[in-house]
Amino acid sequence: MTLIEFYDKTKLENIAGALLLRADKLIFIGDNQKAITKSIPVYQNLLEKRNINTEICYKTVNKNNLSVIVEQLSLIVEENDDCVFDLTGGEDLYLVALGILMEKYPDRIQCHRFNFKNSTITDCDADGNVAKAELFDISIEENILLYGGRITFDENSVSFVFDNDFNLDVEKIWTISKEDQKRWNSASGTIGDILKLCNKSSGLDVRFEKVLAENEIKRTGNNYGLNDYFLKRLEENELIHSLALGDEISFSFKNESVKNALSTPGKMLEIAVASKLAALTDDEGKKFYNDVKVGVLIDWDNTETDEAPTLNEIDVLAMKDAIPVFISCKSGLFDNDELYKLKTVASRFGDDYAKCVLVATSMERMECKEKFIRNRADDMKIRIIDDFDTMDESKITRVLKSLYCN
C-alpha cells in the first residue's frame, strides 16, 4: 500500500495514516519543503519505535497551481499500486485536484478521512471499501515525541504504576486526605522531610526519634505535622504496618508506590485524578484511557545537549486513543496564569486535538476572582471541574469519560 498524505501543520494528521494502516510507503505532498524535511525524522523515529517499516518520501507541489497538482498526483498514482489518499488535512486545491483524480482513475485509488474522537476511518470515495486499520493507541511518550519534544526527569520526579492494587491504595489515601487537606499536606510533607533527614530511614522501613526529627525539620524552616492519629489511620487502612509510637516512632510502608504517595505533599489530588482515569474501563472491560501519567515533565526540544531547556510540568496527562488530555490540578488558590500555562503546553503538544481540563477543590474561596477565571477558562476552551473531592463515584466516572470529547 502507498499512502499519500497532504502535509498539514497538525502533526497528528500527518502520521495517523502510517500508524493505523502500516503502509509500505508514505508520500507527503506539500509546498513547505523545510517543514516537511524537518518532520520526517520525527515521524520515522516514531514508526520505528512501533516496528513499522514504512518508507517515507515527499514531493513539493505548488499549492496554488491546480494543473500542476493534478499532474504530480497523476504521476504518483501511475507509478504506485494500491494508492490510498488521506483527506484528514491539507490545502483546498490539493483536495480539489484529488476529486479530479478520482474521476480520472476510479479503480486505482481509495480515499478516506480519520475521525480521531472515535478512532474510525470514514470512506470518502463512495466505493464502500475502506482500508483496514490497526488499533490507534498513541502513548504519552509517543505524543510528546510526535511534536518534537521529550519526557524528561529531575530529582523530584516520581513514577507511579496505576495497577488495581495501587488504585485501591490511592482511594484509601484520598479518603484520608479529604478529611483535612491542610493537615494532610503538613503530615505528608513531614514524612517526606523525615525520609530525607533521618539516617535510619531506608527502603520501606522508617525509624526516628520524634524530638530529634522535630528539631531537624524546624531547622529547615518547615513544621512537624505528623501526629499519632494520622499514623493510626494509615495503619488501619494497611498503608503502613508494624507501627510503634512513643519517643521513638517506627513503621514500614506497604510498598514503594504507597511510600511515594504518602511522602509527596500537594500531589494527592493529582494522584487521585490519575488513578481514577487509569481505572476506567469501557463496555468490553478494556482500559478507557490507554495511557495515564502524573507529573509529566516535558522538554520542548528533543535533545539532551540543550544547556537551558524549555521545561513544563503537566500535573496529569492522559491519552484516549490519539487524543491527549492535559490536566492541571489545584487544591489551593491560583490565578489565571495557570490557565495560560496549561493552554500553551497543550497547544504545543496537541494542536487543536488537545483537551484542557482544570480540576480544582477550593474555587469557592477565591471570591471575586472565581467568576473571572471561569469566564476566561470558557473563552480558552478549558473545562473546569471544581467538585472532584465531593462527587460520588458514578458522577466521577461519567465526567472523566467525557474529558476527551469536550
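A residue is called buried here when its relative accessible area is under 20%. With that cut-off in hand, this report walks through several parts of the structure, which is a predicted model.

Strand 1 covers residues 2-6, and five of its five residues are buried. In a regular strand the side chains alternate between the two faces of the sheet. Strand 1 is covered on both faces, with Thr2, Ile4 and Phe6 buried on one side and Leu3 and Glu5 buried on the other.

Two strands pair with strand 1. Strand 2 (residues 25-30) runs parallel to strand 1 and is joined to it by five bridges, and within this pairing Leu3 stands opposite Leu26. Strand 4 (residues 83-86) is likewise parallel to strand 1, with four bridges between them, and there Phe85 is the bridge partner of Ile4. Helix 1 (residues 11-21) belongs with strand 1 and strand 2 to a β-α-β unit that is right-handed.

Strand 12 (residues 311-320) is antiparallel to strand 13 and is linked to it by five bridges, one of which pairs Lys320 with Ile323. These two strands form a hairpin with two residues between them, and in this hairpin Asp321 takes a positive phi near 60°. Strand 14 (residues 355-360), in contrast, runs parallel to strand 13 over six bridges, and Val359 of strand 14 is the bridge partner of Cys329. Strand 13, helix 12 (residues 337-348) and strand 14 together make a right-handed β-α-β unit.

The pairings described above are collected here.

| Strands | Sense | Bridges |
|---|---|---|
| Strand 1 and strand 2 | parallel | five bridges |
| Strand 1 and strand 4 | parallel | four bridges |
| Strand 12 and strand 13 | antiparallel | five bridges |
| Strand 13 and strand 14 | parallel | six bridges |

## Asn143

Asn143 is found in helix 5, which spans residues 140-146. Because its relative accessibility is 3%, Asn143 counts as buried. Apart from neighbours within four places in sequence, Asn143 is in contact with Ile138, Met319, Pro324 and Phe349.

## Pocket and cavity

Rolling a probe the size of a water molecule over the atoms shows where empty space is left. The largest pocket holds about 590 Å³ of space. Its lining is made of 23 residues, and those that lie nearest its centre are Glu155, Asn156, Val158, Ser263 and Thr264. Helix 7 (181-197), helix 10 (256-262) and strand 11 (291-299) are the elements that give two or more residues to this lining, and helix 7 supplies the largest share, five residues. Sorted by class, the lining of the largest pocket has seven nonpolar, eight polar and eight charged residues.

The structure also holds one cavity of 30 Å³ or more, and the space in the largest cavity is about 80 Å³. Among the residues that line the largest cavity are Trp174, Trp184, Lys267 and Ser331. Helix 6 (164-179), helix 7 and helix 11 (268-279) each supply at least two residues of the lining of the largest cavity, and helix 7 gives the most, with three residues. By class, this lining has four nonpolar, five polar and one charged residues.

Notes:
Residues are numbered from 1 along each chain as its sequence is written. This is a predicted model: local features need pLDDT of at least 70, side-chain atom pairs count only at pLDDT 80 or more; totals for chains, interfaces and linings use all residues. Side-chain values use heavy atoms; hydrogens and water are left out. On a 1 Å grid over the protein atoms alone, a cavity is a set of points where a 1.4 Å probe fits but cannot get out, and a pocket is an open set with protein on both sides within 12 Å along at least five of seven lines; lining residues have an atom within 4 Å of a point. Grid points are joined across faces, edges and corners, and a volume is the space filled by probe spheres set on the points. Ala, Val, Leu, Ile, Met, Phe, Trp, Tyr, Cys and Pro count as nonpolar, Asp, Glu, Lys and Arg as charged, and the others, Gly among them, as polar. Buried means under 20% relative accessible area, exposed over 50%, partly exposed in between (1.4 Å probe, protein chains only). Two strands pair if DSSP finds at least two bridges between them. A crossover is right-handed if, with the strands pointing away from the viewer, the path from the first strand over the helix to the second runs clockwise. Contact means heavy atoms within 4.5 Å.
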